[in-house]
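This briefing concerns a helix, a strand and an interface. Please keep the sequence and the structure in view while reading.

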Amino acid sequence: MGKAIVITSGKGGVGKTTTSANIGTALALMGKRVCLMDLDIGLRNLDVVLGLDNRIIYDIVDVAEGRAKLPQALVKDKRFDDKLYLLPAAQNTDKNALQPEQVKEIVDELKPEYDYVLIDCPAGIEQGFMNAVAGADAAIVVTTPEISAVRDADRVVGLLEQHPLTEAPRLLINRIRRNMMQDGSMMDIDEITHHLGIELLGIIFDDDAVITTSNQGEPIVMQTDNPASQGYRNVARRLEGETVPLMKIEAEAPTGFWHKVSGWFHRG
Amino acid sequence: MQAAVLRGTQNGYDLVLKQTASFEQILVDLKALLEKLKTDPKALETTKVSLDVLTEDRLLTADEKAQIEEMVGNYPRFEIHKIAANVITIDDAIQLRERENVHLLSKVIRNGQEVVMQGDVLFLGTIHEGGKLRTTGNIFSMGDVSGILQAGYPDDESKLIMGNLQTAQQVRIAEQFDIIESEQLADSRQTIAYVNDLHVLSYGKLAQLKKINPKLYNQIGGI
């Protein structure tokens with residue numbers, strides 16, 4: 001029996017969809033069977049980020065309303081041979097097209113087949129949020145080190161406490177700029193975690209490659225040496241129960257030959 | 001035995017309705033009693049008699065109260081001052097307990113959440129920005145408050161808020177409110193927010209409680 005995890009944030013634009021795609025891909029790379037569910041109905045993006053947008057035949061509303069069977073609507077990602085599937089959102093209806101019971105039914109149908117069902121939640125805390133949370137066993141709250149995102153995350157954690165899931169929500173801090181956090185002009189990781197009072201699942205550094213890879217329909221996790229990719233891989237390993245230390249904020253000092261040479265001249 | 005008995009006290013007259021008798025019997029006996037007093041002008045010396053109706057360990061329904069009042073109303077010499085019983089309903093008792101007790105509250109009130117309480121609250125938790133704690137009584141805060149505190153809801157200006165209010169967003173008492181600016185209040189646990197005689201929210205220190213709210217000060221044991 002797999003686990004259903006909802007990825008939510010309250011605020012829009014903090015990287016829920018990117019996070020869903022990358023954690024899902026990272027888990028698939030570890031050999032887990034993963035199904036990604038896009039619940040951002042009307043504004044679906046997860047398929048684009050994964051590069052699967054041209055393969056959609058049916059969507060989640062078709063399944064909920066009985067126009068299609070669940071396996072018919074699932075889109076398989078061929079890069080990960082039978083490990084990663086996407087249940088796309090509908091594009092031409094709104095978020096009220098689904099009811100929480102319908103979503104729960106679909107999630108319950110998916111859970112025996114997969115190790116992880118990742119639910120990409122829409123922004124906001126209305127019907128769409130309620131739908132996304134309905135079938136979930138656990139939650140990942142995504143935030144960025146900005147006061148507005150942290151406030152909204154606080155609100156969402158409050159809502160999740162009122163309708164408790166099987167597991168307590170965990171925090172993912174996205175888009176960390178190393179230099180800004182180092183010089184103190186950005187909110188500190190400990191400060192955010194302490195304020196929200198939930199367990200920290202991981203931190204993701206801001207990286208230009210996240211945008212370029214997204215545009216190419218290929219999640220950043222596929223690049224092994226990228227710091228953002230490393231962050232998502234660590235998150236996936238923590239979800240699997242491994243103990244992985246947090247990545248360091250301090251940028252590593254360059255250690256190349258010319259750096260050493262220039263160091264001799266700067267000494268004293 | 002009479003089901004309705006008139007009893008003279010220092011303060012006037014009590015009309016005792018026996019709990020052991022049925023309500024129908026009480027109505028019959030009460031009518032007889034009132035008739036007797038009406039026809040006997042010497043029985044009572046005053047012109048207008050105010051009655052305290054005591055129902056012992058019986059609670060009258062609104063309907064039954066109306067019947068008693070109607071019957072007494074037929075006799076111009078008498079009027080009902082109050083109807084009282086020795087007992088109250090469990091609901092009323094719970095409400096009384098809610099009102100009179102100091103409630104301990106230790107939880108995190110997050111952005112967008114509002115916790116509504118009855119009576120005095122001793123707050124030991126945390127209020128995040130955008131969270132709100134509201135009660136009908138006083139608030140004594142020992143926790144971290146970055147949100148909104150409201151005491152004396154909806155209109156009791158005699159209530160007050162104590163604790164470190166420096167980091168709060170707003171303080172509200174009854175209908176008065178104050179937006180706390182960053183350097184406005186001292187970083188002290190002994191701050192008191194209260195509504196003064198001019199109906200303006202103002203701040204004092206715990207040491208001034210006797211002056212600020214003598215009633216509360218006396219109630220909690222100060223001399």
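The points below are grouped by topic.

The model is predicted, with local features requiring pLDDT of at least 70, side-chain atom pairs counting only at pLDDT 80 or more, and totals for chains, interfaces and linings using all residues. Residues are numbered from 1 along each chain as its sequence is written, while chains are lettered from A and ligands numbered from 1 in the order in which they are written.

**Helix α5 of chain A**
- Helices (H or I, at least four residues) and strands (E, at least two) are DSSP runs, numbered from the N terminus.
- Val103(A), Ile106(A), Val107(A) and Leu110(A) are buried in α5(A), residues 100–110; buried denotes 20 or more other C-beta atoms within 10 Å of the residue's own, exposed 12 or fewer, and partly exposed in between, with C-beta atoms placed from the backbone.
- Because these buried residues fall within an arc of 100° seen down the axis of α5(A), they line one face of the helix (the arc is that of the directions from the helix axis to the C-beta atoms).
- Their cover includes β1, β2 and α6 of chain A.

**Strand β10 of chain B**
- Lys132(B) is the bridge partner of Glu114(B), and Ile148(B) is the bridge partner of Lys132(B) in β13(B).

**Interface**
- Six residues of chain A contact eight of chain B (C-beta atoms, placed from the backbone, within 7 Å).

Notes
Two strands pair if DSSP finds at least two bridges between them. Two residues are in contact if their C-beta atoms, placed from the backbone, lie within 7 Å.
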